[in-house]
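Welcome! Here is a short briefing to read alongside the structure.

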Amino acid sequence: MRQPKTWLAVLGAALLVLLVPPLVSSGGDDADSRIRGLRLMVPNTPGGGYDITARTAARVVEDNDLNGPTEVFNLPGAGGTVALGRLVSERGNGKLAMSMGLGVVGSVYTNSSPSTLRDTTPIAKLTEESDIIVVAKNSPYHDIHELLDAWKADPGALPVGGGSAPGGPDHLAPMLTAKAVGIDPKDVTYVPFDGGGELMASVLGGKVAFGVSGIGETRDQIEAGELRALAVTSPERVPGIDAPTLQEVGVDVSFTNWRGIVAPPGLSDTDRQKLIDLFTAMHGTEQWQEALRVNGWSDAFSTGAEFEEFLGEESDRVASVLKELGLA
């Protein structure tokens, strides 16, 4: 007697599945704010500032369940312009973004890159960071005065290493310092390395007399006593780093690096907004705020049109500085 009613119930349930649209999509990218298969490209070798920033961001995103798994991969070369060319070629790809910063701005000029940051989709500026002048623990230079005196006496004999190509922050900082103390930047022996990891190995190995890099790339070795911090380039001292600013010791240089995220050109408004929303959510986490403190990064968060305007201004500024120094 109950069998017909049972079949009617089954039939009714089937019709509901077919006729009533589901409340949640079956997993397409437009179903929610998540970006399935997001990849974050690093334009230099592991251990550099872009690498540390990208991997920290990816970890914060995953730990706070802001998105699915995020792959971080390195594509070094030509001061970041190899990766920049790859990014620009991925037109419309909303699943790819690149960690970048001031170094890539300069490399566009010094490498005559056919691709520029104006070809990208700006997503977010994340951090600012002081550069720091360091020597190995067995260096004969125990303070910034000793180093600068020796450098002025024979600039070419004291090679300085930096974790960026000519035109990048680790190049501009010592060149501006040289000019401020009366050294012709053209007389400076600058040795570029593709990221802070390679640079630190060369400083520790005595291949360069001193190095200039970001705080985040040097802090561990400084705390371990392997590196000696002589000065920072920022206008104020950096908490946790026992070193004066260049301005404190009479050198008229104030310089900070910055890093951010860009994406390929031609993104849909939806894909662009998803990326902006993701990094905005990441910025709001306690874990990211702690990462800023630990790495000595200053919070410099901005997105979209504001970041795009900043990129244009930085491009013009770097071109002007390189020309002023006679390096472009």
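Is R39 buried, partly exposed or exposed? R39 counts as partly exposed because its relative accessibility is 27%; buried means under 20% relative accessible area, exposed over 50%, and partly exposed in between, with a 1.4 Å probe and protein chains only. This is a predicted model, in which local features need pLDDT of at least 70 and side-chain atom pairs count only at pLDDT 80 or more, while totals for chains, interfaces and linings use all residues. Residues are numbered from 1 along each chain as its sequence is written, and side-chain values use heavy atoms, leaving out hydrogens and water.

**Around R39**

- You will find R39 in strand β1, residues 39-42 (strands are DSSP runs of E, at least two residues, and helices runs of H or I, at least four, numbered from the N terminus).
- Beyond its neighbours within four places in sequence, R39 is in contact (heavy atoms within 4.5 Å) with E71, F73, R86, K95, L96 and A97.
- G260 is 221 residues away from R39 along the chain, and their C-alpha atoms are separated by 15 Å.

**Where two helices pack**

- Helix α6 (residues 169-180) packs with helix α11 (residues 304-324) at an angle of about 45°, and their axes are 11 Å apart; axes are lines fitted to C-alpha atoms over the stretch in contact, and angles run from 0 to 180 degrees between N-to-C directions.
- From α6, L172, L176 and K179 meet V318, V321, L322 and E324 of α11.
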